[in-house]
Amino acid sequence: MDTLIQYRNIVQKNIKKYDELSNSQSANTTEATISDRLILDEQRDQYLWLRCGWDGKRRVQHIILYLQIQNGKIWVEEDSTNLAIVDDLLAAGIPKTDIILGFHHPSKRAMTEFAIA
């Protein structure tokens, strides 16, 4: 299987799993004004799980998880979970050399065991 297709499948499988897990644990309220949304854009290789809506008069917009695939590498741009997406990517067979912790400043990435860019 082509590496890009494999990476897309792994990323989508995990982000969907996390969303389903979150939705199964959420309390059902009669007035659901805040909801989670998945954006799975294979054409641009952008994968986003976000929460948005209204909390009273306050607008809620929060990126929970954001990954993208660029130049054969998976960029973890945001991970506001305790679900350890990087561990799941590694467990799925993606090498550390193909994972970039994009939420770290470029000067700090060399201090990790993952790819720089």
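User: How many salt bridges does the count come to in this model?

Analyst: The model is a predicted one. Side chains of opposite charge can pair when their charged atoms come close. Here a pair is counted when a side-chain nitrogen of Lys or Arg lies within 4 Å of a carboxyl oxygen of Asp or Glu. By this rule, the number of salt bridges is seven.

User: Which residue meets Asp-45 in a salt bridge, and how many residues apart in sequence are the parts that the pair ties together?

Analyst: The partner of Asp-45 is Arg-8, with an N to O distance of 2.7 Å. Asp-45 belongs to the loop between strand S1 (34-41) and S2, whereas Arg-8 belongs to helix H1. The pair therefore ties together parts of the chain whose separation in sequence is 37 residues.

User: Does Asp-45 count as buried or exposed?

Analyst: A residue is buried when its relative accessible area is under 20%. Asp-45 has a relative accessibility of 7%. Its salt-bridge partner, Arg-8, has 18% and also falls in that class. Asp-45 therefore counts as buried.

User: Which residue forms a salt bridge with Asp-88, and in which helix does that residue lie?

Analyst: The closest N and O atoms of Asp-88 and Lys-17 are 3.6 Å apart, and the two residues form a salt bridge. Asp-88 lies in helix H2, so its pairing with Lys-17 ties together parts that are 71 residues apart in sequence. At 40% relative accessibility, Lys-17 counts as partly exposed. The residue asked for is Lys-17, and its helix is H1.

User: Where does Lys-96, which meets Glu-113 in a salt bridge, lie in the chain?

Analyst: The side chains of Lys-96 and Glu-113 meet at 2.3 Å, N to O. Glu-113 is in the segment after helix H3 (106-109), and the two residues are 17 residues apart. Glu-113 counts as exposed at 53% relative accessibility, whereas Lys-96 counts as partly exposed at 33%. The position of Lys-96 is the loop between H2 and S5.

User: In which order do the five strands form the open sheet?

Analyst: The pairing in this open sheet is mixed. S1 and S5 each have a single partner strand, so one side of each is left without a neighbour in the sheet and they stand at the edges. From one strand to the next, the twist averages 15°. The order of the strands is S1-S2-S3-S4-S5.

User: How many bridges join S2 to S3?

Analyst: S1 and S2 pair in the antiparallel sense over eight bridges, and S2 and S3 likewise run antiparallel. The number of bridges that join S2 to S3 is ten.

User: Which residue in S5 is the bridge partner of Ile-74?

Analyst: S4 and S5 run parallel and are joined by three bridges. Ile-74 is also listed among the residues with the most contacts inside the largest nonpolar core. Its bridge partner in S5 is Ile-99.

User: Which element gives the most residues to the largest nonpolar core?

Analyst: This core has 20 residues, and those with the most contacts inside it are Leu-67, Ile-74, Ile-85 and Leu-89. Elements that each supply at least two residues include strand S3 (58-70), strand S4 (73-79) and helix H2 (85-91). The element that gives the most, with five residues, is H1.

User: What percentage of the residues of the chain count as buried?

Analyst: The chain holds three helices and five strands, and its elements run α-β-β-β-β-α-β-α from the N terminus on. Its C-alpha trace spans about 45 × 35 × 25 Å along the principal axes. Of the 117 residues, the share that count as buried is 35%.

Terms used
Residues are numbered from 1 along each chain as its sequence is written. This is a predicted model: local features need pLDDT of at least 70, side-chain atom pairs count only at pLDDT 80 or more; totals for chains, interfaces and linings use all residues. Side-chain values use heavy atoms; hydrogens and water are left out. A nonpolar core is a set of buried Ala, Val, Leu, Ile, Met, Phe, Trp, Tyr and Cys residues joined through side-chain atoms within 4.5 Å. Buried means under 20% relative accessible area, exposed over 50%, partly exposed in between (1.4 Å probe, protein chains only). Helices (H or I, at least four residues) and strands (E, at least two) are DSSP runs, numbered from the N terminus. Two strands pair if DSSP finds at least two bridges between them. Axes are lines fitted to C-alpha atoms, for helices over the stretch in contact, and angles run from 0 to 180 degrees between N-to-C directions.
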